[in-house]
Amino acid sequence: MYDIRKTEYEINSQKIIIIGDFNEMPYDKGCLNANGFHGLPVLSVKDKSTRKVNNIEYRKFYNPMWNLMGDFTYPPGTYFYNQSKLHSPMWYILEQKIMSKDVLSLFVKESLKIITSCGGIDFAELGAYGAENNKFEVFLTVKRLEHYRNRMMFVEYGSVAYPATVVMNDSLAVEYSDKRDFVFRVNSMKDLEDMLNTIINSQTLVALLQNLIYVQRFLYRILWNVNFMI
């Protein structure tokens, strides 16, 4: 919000429209929180411009993308992702159009649409080519044990990198989340970085690496003794 206030000061105007891929739903914290973009689903010219939370006045913004969620319009979202988890809307609105109250009188609600084609090209058909999810595995190996793999996690993502699904090794998952929940959703690169930093510094991984180092040294001694005897 600092950047918004700075821009308003530089252009001497509060007529602001912010458009782009936020990688968040309209109801997620970054888009809706009062100390975030504060993008409300309803805001009129006659409404009060601010809302007080804990004795702090926060300026209201309007996000009309709320109104494009669900099957009252087509398509029911800007991104489809069928996750293997209990809580999943499947259709997401990740692109937002957040505007200040000062431009509401200029906004024509009927003009807001999700574009499904351009120049005779159907975007749904393009999406079909990348609809298959991608998966990769993260594991540790020991150089002299050709078939040894200690699986740490599986990562699955669609044609768009995020959100991604991470399935962890059971011992890592328990230490990471303090419960036996092995499947995690990663919404951004920052979330993935935080997750990996936590795993790298976990006692489970430290103990595992120590064991692998011990195994590696043990195998080296055996091979050295065999070579020496030969």
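The second largest pocket in this predicted model has a volume of about 260 Å³. Its lining counts 15 residues, and Met25, Asp28, Tyr92, Arg185 and Asn187 are the closest to its centre. By class, that lining holds six nonpolar, four polar and five charged residues. Here Ala, Val, Leu, Ile, Met, Phe, Trp, Tyr, Cys and Pro count as nonpolar, Asp, Glu, Lys and Arg as charged, and the others, Gly among them, as polar.

A word on terms. Spaces are found on a 1 Å grid over the protein atoms alone. A pocket is an open set of points with protein on both sides within 12 Å along at least five of seven lines. A cavity is a set of points where a 1.4 Å probe fits but cannot get out. Lining residues have an atom within 4 Å of a point. Points are joined across faces, edges and corners, and a volume is the space filled by probe spheres set on them. Residues are numbered from 1 along each chain as its sequence is written. Local features need pLDDT of at least 70, side-chain atom pairs count only at pLDDT 80 or more, totals for chains, interfaces and linings use all residues, and side-chain values use heavy atoms, without hydrogens or water.

Tyr79 sits in strand E6 and Tyr92 in strand E7, so the pair ties together parts that are 13 residues apart in sequence. Helices (H or I, at least four residues) and strands (E, at least two) are DSSP runs, numbered from the N terminus. Tyr79 is buried at 10% relative accessibility, and Tyr92 is buried at 1%. Buried means under 20% relative accessible area, exposed over 50%, and partly exposed in between (1.4 Å probe, protein chains only).

Between those two strands, E6 (79–80) and E7 (91–92), runs the loop that holds Met90. Met90 has a positive phi near 70°, although it is not a glycine. Met90 is partly exposed, at 31%. Asn12, also a non-glycine, has a positive phi of about 55°. Its loop joins helix H1 (2–11) to strand E1 (17–21). Asn12 is exposed, with a relative accessible area of 71%.

His38 lies in another loop, between helix H2 (29–32) and strand E2 (39–40). His38 is buried, at 0% relative accessibility. Leaving out residues up to four places away in sequence, His38 touches Cys31, Leu32, Asn33, Arg51, Tyr58, Arg59, Lys60 and Phe61. Contact means heavy atoms within 4.5 Å.

Now to helix H4 (residues 170–177). Leu172, Ala173 and Ser177 are buried there. Seen down the axis, the buried residues of H4 fall within an arc of 105°, so they line one face of the helix. The arc is that of the directions from the helix axis to the C-beta atoms. Asp178 follows H4 and has a positive phi, near 60°.

H4 gives the largest share, three residues.
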